[in-house]
Amino acid sequence: GELMARSFEQMGYLAESAPWRNFYLTGALELRQGPPDKGIPSSALLDMLQHTPIERFLEAMAANLDGPKAADSRLKINLVFSDLGESYVLQLGNGVLHHHAAAPAADANATLRLTKPFFLKMMTGGAGAKELLLSDETQIEGSTLDLGRFFALLNKAPGNFPIVTR
């Protein structure tokens, strides 16, 4: 308990590397107070996220894919950002999600046209299926059902995890 927390604290003060210093001091805090109950809400990071390239969000979507649940699904989704003039093709197969910047694929299951602010609301939990269907910032072509199946295969990371305790 406290002895290990003090050890971590001292190692943090001695660490020359900022990431290691952060790790040790966070570990000392966790040993004293316990792991966090919840993570920082994504909505609190909205200003920073507005400057984040779309590719980073697509990488996060791929990392949050429920691979076993998606193992038998084959879907192709076009994401078209009407305000940015960018489009991406997302391809799901063998439990893996790939994306690339490209013109919308003609053989896609669905095409979702949306704005980046609305996409950020979706990614941070501020907009769900109802908003997706009813918003004037979105337009869906193709199978709404396939688009819903696609989003249902994505898990949301809890945002909190212990650093040194279990």
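Asp-146 counts as buried because its relative accessibility is 15%, where buried means under 20% relative accessible area, exposed over 50% and partly exposed in between, with a 1.4 Å probe and protein chains only. This is a predicted model, in which local features need pLDDT of at least 70 and side-chain atom pairs count only at pLDDT 80 or more, while totals for chains, interfaces and linings use all residues. Residues are numbered from 1 along each chain as its sequence is written, and side-chain values use heavy atoms, with hydrogens and water left out.

Asp-146 sits in helix 8. Helices here are DSSP runs of H or I with at least four residues, strands are runs of E with at least two, and both are numbered from the N terminus. The side chain of Asp-146 has a polar contact with the side chain of Arg-149, at 3.1 Å. A polar contact is a pair of N or O atoms within 3.5 Å; within protein, one must be able to donate a hydrogen and the other to accept it, and residues adjacent in sequence count only if both atoms are side-chain atoms. Beyond its neighbours within four places in sequence, Asp-146 is in contact with Leu-75 and Asn-109, contact being heavy atoms within 4.5 Å.

Strands 2 and 3 run antiparallel and are joined by six bridges. Tyr-88 stands opposite Ala-101 in strand 3.

Last, the core. Which residues of the largest nonpolar core touch the most other members? Of its 28 residues, they are Leu-58, Met-61, Leu-79, Leu-90, Leu-114, Phe-119 and Phe-150. Such a core is a set of buried Ala, Val, Leu, Ile, Met, Phe, Trp, Tyr and Cys residues joined through side-chain atoms within 4.5 Å. Among the elements supplying at least two residues each are helix 4 (54-63) and helix 8 (144-152).

Note on methods: Two strands pair if DSSP finds at least two bridges between them.
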